[in-house]
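Subject: Structure for your review

Dear colleague,

I am handing over the structure below, and after it you will find my notes on what turned up when I went through it. Please read them with the model open beside you.

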2 protein chains.
Amino acid sequence: MLDLRQPADQILTACSLSAALEAIGERWSFLILRASFGGIEHFEGYQGALGIARNILASRLAHLVDHDILARHAFPGDRRKVAYRLTPKGLALLPAMVALRQWAEQWEKCVPANPALVDSRDRMPIKRMVVSAHDGRTLTAEDLSWCDLSELGRTGDACQGQAIAAYS
Amino acid sequence: MLDLRQPADQILTACSLSAALEAIGERWSFLILRASFGGIEHFEGYQGALGIARNILASRLAHLVDHDILARHAFPGDRRKVAYRLTPKGLALLPAMVALRQWAEQWEKCVPANPALVDSRDRMPIKRMVVSAHDGRTLTAEDLSWCDLSELGRTGDACQGQAIAAYS
């Protein structure tokens, strides 16, 4: 039994996951972001890579721009030169994208995906993404609990400092 | 400029992300999983927590069961007692779910979500999820490259061992 119970009426209001899904919770949006991380920038590039209908692509790109995940870099006078590039907020999705990719490698495809993601410096594969405690121990769902932020504050300065550091 | 370029025609075929999205790439599926991690097991529980239409909930639960992410635990004679519980494959989604939640905390809501996820042992907040090199260095998108698996094999036994360990 997991220790992650939360009052049911809090699930949608308190959970940031809802906010994430509002921004990117749609199959094409994920694949567009995947292409963006792969260096694709132009409308025609996305269209060719994903085989997505042009009206859907336009709508999804606009949505990602509205959410400040992609930024539109326009060149006046040449509409074909508009580039959609990941913003800092978009680049910050890397851990979530990599975690999903690794999950599918292990559980959906059951083989390492080819090509593999490696560290450019030494060409060694990246580590598996895990949830870690403040001291580096790997945590599973059974190890996690919910804690009210005000309760974190009451457990002492060190703990509060950790909480702030973890979210800053 | 990122160093994650990949031939465009490989994006959909080679990327495990597509497989992940086929399994869970839909807003309601994510929220059902979020509720599952929160300990909800019964149809009426999901329905009450998410306010989702019953036919959509039934379809999404069936899809997650088909993909071996949730397992159906039935009690003969009492249909209300059917429980949907996370399988090992479903539990393995924890890092992806936590990474998405943390991203939204920082970039969508701009405040720490309350309640916070903490380590049950010491009530300290969990670490921020990051992509790590084999030696623990934090990597950004700029630090990553693609590497063909056969190339990993050729770079020596140590590297190949790492590759296998990373995906085993």
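Arg137(A) counts as partly exposed, because its relative accessibility is 23%, and please keep in mind throughout that this is a predicted model. Its partner in a salt bridge is Asp119(B), with 2.7 Å between the closest N and O atoms. The pair crosses between chains, running from strand β3 (residues 116-119) of chain B, which holds Asp119(B), to the loop between β4 (131-132) and β5 (138-139) of chain A, where Arg137(A) lies. Asp119(B), by contrast, is buried, since its relative accessible area is 2% and the cut-off for buried is under 20%.

Turning to helix packing, the axes of α3 (residues 27-37) and α5 (residues 54-66) of chain A come within 10 Å and cross at roughly 75°, so α3(A) is roughly perpendicular to α5(A). The contact involves Trp28(A), Ser29(A), Ile32(A) and Leu33(A) from α3(A), and Ile56(A), Leu57(A), Arg60(A), Leu61(A) and Leu64(A) from α5(A); by class, seven of these residues are nonpolar, one is polar and one is charged.

Best regards

Definitions and conventions: Residues are numbered from 1 along each chain as its sequence is written. Chains are lettered from A and ligands numbered from 1 in the order in which they are written. This is a predicted model: local features need pLDDT of at least 70, side-chain atom pairs count only at pLDDT 80 or more; totals for chains, interfaces and linings use all residues. Side-chain values use heavy atoms; hydrogens and water are left out. Axes are lines fitted to C-alpha atoms, for helices over the stretch in contact, and angles run from 0 to 180 degrees between N-to-C directions. Helices (H or I, at least four residues) and strands (E, at least two) are DSSP runs, numbered from the N terminus. Angles under 35 degrees count as roughly parallel, over 145 as roughly antiparallel, 65 to 115 as roughly perpendicular and the rest as oblique. Contact means heavy atoms within 4.5 Å. Ala, Val, Leu, Ile, Met, Phe, Trp, Tyr, Cys and Pro count as nonpolar, Asp, Glu, Lys and Arg as charged, and the others, Gly among them, as polar. A salt bridge is a side-chain nitrogen of Lys or Arg within 4 Å of a carboxyl oxygen of Asp or Glu. Buried means under 20% relative accessible area, exposed over 50%, partly exposed in between (1.4 Å probe, protein chains only).
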